[in-house]
Amino acid sequence: MMMTAEQENEAIDQEQITEADQGEEYLTFSLANEEYGVDILRVQELRGWEPVTRVPNSPDYVKGVLNLRGAIVPVIDLRVRFNLPVEDYSSLTVVIVLAIKDKKDGNERIISVVVDEISDVVKAKMSEIQATPKFGSALDIEYISGLADADGKMLMLLDIDTMLSVSDMQQF
Amino acid sequence: MAIDMEQFHQVFFEESFEGLDVMETGLLNLDNGDADNEEINTIFRAAHSIKGGSGTFGFQSISDFTHIMETLLDEVRDGIRDLTHEGINVLLKSVDCLRMMMTAASEGGDVDDSEVKTNFDALQNILGSESSSATEEISEPAADSTAQASAETVWKISFAPHKNFMQFGNDPARIIRELATLGKLSGHVDTDNVPEFTDLNPEDMFLSWDLELKGEVTKEQIDDVFSWVEDESDISITAMSSDVSSQTVKKQTDATVVKSEAVKAPVKAKPAAAVKASDKKEKSTPASSSIRVGIDKIDDLINMVGELVITQSMLSMLGEDFNMTRLEKLQEGLIQLDRHTRELQESVMQIRMVPISFTFSRFPRMVRDLSEKLDKKIELVMHGENTELDKTVIEKIGDPLVHLVRNSVDHGIEMPEDRLAAGKPETGTIQLNAFHRGGNIVIEITDDGKGIDKDVILAKGIEKGLVEAGAKLSDQQIYDLLFNPGFSTAAEITDVSGRGVGMDVVKKNIMSLGGAIETHSVKGQGSIFSIRLPLTLAILDGQSVSVGSDNYIIPLVSIVESVQPKKESLNMVAGKGETYKLRDEYLPIIRIRDLFNVPDAKADDLEEGLLVVVEADGKRFGVFVDDLLGQQQVVIKSLESNYKRINGVSGATILGDGSVALILDIPSLIRMSD
């Protein structure tokens, strides 16, 4: 039986998806009862919260800088970044050290983010990731690359290159 | 054993560039007329090593080019020829040309063949003209060789390298390959001397060759192939047929290279096309910079490490069996450790220190060329060339200095007739001075030219909208206008300077090194630009201060003193600007807590805290902090590599307890508070 051109295309698409879609692993963490995920290959290390050195004249979500084996690394509070209610840090508060590639100058940078707690490592297949719905411009959804499902809970996958790049930090 | 020659290329290029600098300096000295034979010898030696090296490493075009320079220099050295001003000019241009070829070979890139050809011809012209007895003598065999070239000749070559042949970096295979390019090559290898395998040292040479070379080959061409190895091998070259068959030349090892060079003086002019072809083959190697360190500095380091090891073993012995009675011993050991660490650190930093003559050495040439171009008479005087600076600083200060010196030549020094009319000596003087002052290096560029006309600058500043008309500015503020982008006072733009591009870059470069530039000038008498640079970039002496729960480091070099403020000395300017009267000076006060919005600063009232008097850009300020902590050396870390530049902060450092402290940038703090 001959396939129509449309069917053929569909078949090829299917094939490509299964080939490329071994599924990427995401480190998931919670922020005010919401679940977020970052590409696990970008995670350098996890640390407990320790007081950091304040940096003057910085945006409020930049908590300061810490010493990561001799490198000076900025610490960003994701709750403040996402305009979520601020809570005191607890023993579960975790700092995730991430490697990002600056979108503007292409430099690799090391940054760290403060999150409520680490949840899990999940595999999400490309085919399972949904595009982020548009809510108008009120929310910072441009930093969310897609939505995935983790045990029935919605997981927001973060585009850290965009979120933590020069975009906002350099404005100050 | 095949030795990878590539690994030596970097060293060769570095040495050659140094050699070129030596040649340039020597030639300039010759030009000034204060040359002795030693000077010419130095130039000759430099040229000779470049030629030797480039031949060994297969940079044929460079080797050929240097060869003709060397020939000329050799004649000068032997007193056969006088070096005229024009001759020096040609040689200087040839040095430039060589530098260009060398750069092309090391970094990849194109060689300007016409440039090479022009210089080559110019050199040959000098050699060919002025028929001295020597040139005639030399041109004879050259004529012979052309005659021979037409006839097909069979050369019998016996080539017996010495045992240590390969230890000098020679490769017999390369020589044979090169011979094969000249004509039809046949022959056999003599392996009689090769020992048993167990006795064989792979770095020794046991082979010798009997070769037959057939083709339109001249003796000179063959000699050239062997010219780099004649000291390390027995070579005999005999013509089997043609009219020169009787001529047998046996070169013995004791013949010095220099001598044989003189014999081979006739110049083999390789066509430019060949030059290009051989250069194209060189693949570009990424340039990694290296540094030459004096053996005494290394010895110091090793001594220091030795001391450190002794201290360490003493401390570990103490630690094995410690009780409180030995506390004093432990403290003593720790003090020793502290001292040794500091000394070790200083010695390591010393390695990065390079004398500023690396930068200064380019100026005699530059001033000479520029003054010739502008028809001015200028003498350049340099002092303190041995002042040492961090290598990074040296590299970055070069361009700003070039700009300033060029400005002095172009704008500063007047034309000879104007100088005479103003009652000054016809020859202007530019002085370059480098010296230590405090924890800084100061470089001064002084000229005795017409000086800077403040009124002209101020008028220009007003015209450009940089200053409001009628504003009262201090001298320093007026001079600072010069460093604004697009500011030029030159009446007409020349190709030397005057476009106003530059001075702002000069200032930016100097500031990026943590330095400052000051200008002083007296109209009609000259100007002084003085550049102040930190000794090193990586480490600074700091005073740590606390403001609330924050700790900051103030570079010790910018601190003048610290005072406990008294209420009666505090004044308000226009109700908000605070000033503090210290002796007879009113110091503006910078409050870190306000500038940096420190939430938990303890001291609000001036009497509760301390005032650190700092100086930058010629201005003094009082920085108000809660408390002084300790003084310590800190290693500067960049904030920008992972974050961004923060106003008022030059970097960060890691304290003994692992926490981060920010280093205050005093000049930018002062600007922030303006």
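Of the 674 residues in chain B, 31% are buried, a residue being buried if 20 or more other C-beta atoms, placed from the backbone, lie within 10 Å of its own. The model is predicted: local features need pLDDT of at least 70 and side-chain atom pairs count only at pLDDT 80 or more, while totals for chains, interfaces and linings use all residues. Residues are numbered from 1 along each chain as its sequence is written, and chains are lettered from A in the order in which they are written.

Chain B holds 21 helices and 23 strands, taken as DSSP runs of H or I with at least four residues and of E with at least two, numbered from the N terminus. Among its contacts with a separation of 6 or more, 69% link residues 24 or more positions apart; a contact requires C-beta atoms, placed from the backbone, within 7 Å.

One open sheet of chain B has six strands in the order E15-E19-E20-E18-E17-E16, with mixed pairing, where pairing requires at least two DSSP bridges. Its edge strands are E15 (559-563) and E16 (570-573) of chain B. E16(B) runs antiparallel to E17 (577-582) of chain B, joined by four bridges, and B:Leu570 stands opposite B:Tyr580 in E17(B).

Turning to the interface, 18 residues of chain A are in contact with 18 residues of chain B. On the side of chain A that touches chain B, strands E4 (62-68), E5 (71-77) and E7 (108-115) of chain A each supply at least two residues, and E5(A) gives the most, with four.

Note on methods: Two residues are in contact if their C-beta atoms, placed from the backbone, lie within 7 Å. A residue is buried if 20 or more other C-beta atoms lie within 10 Å of its own, exposed if 12 or fewer, and partly exposed in between; C-beta atoms are placed from the backbone.
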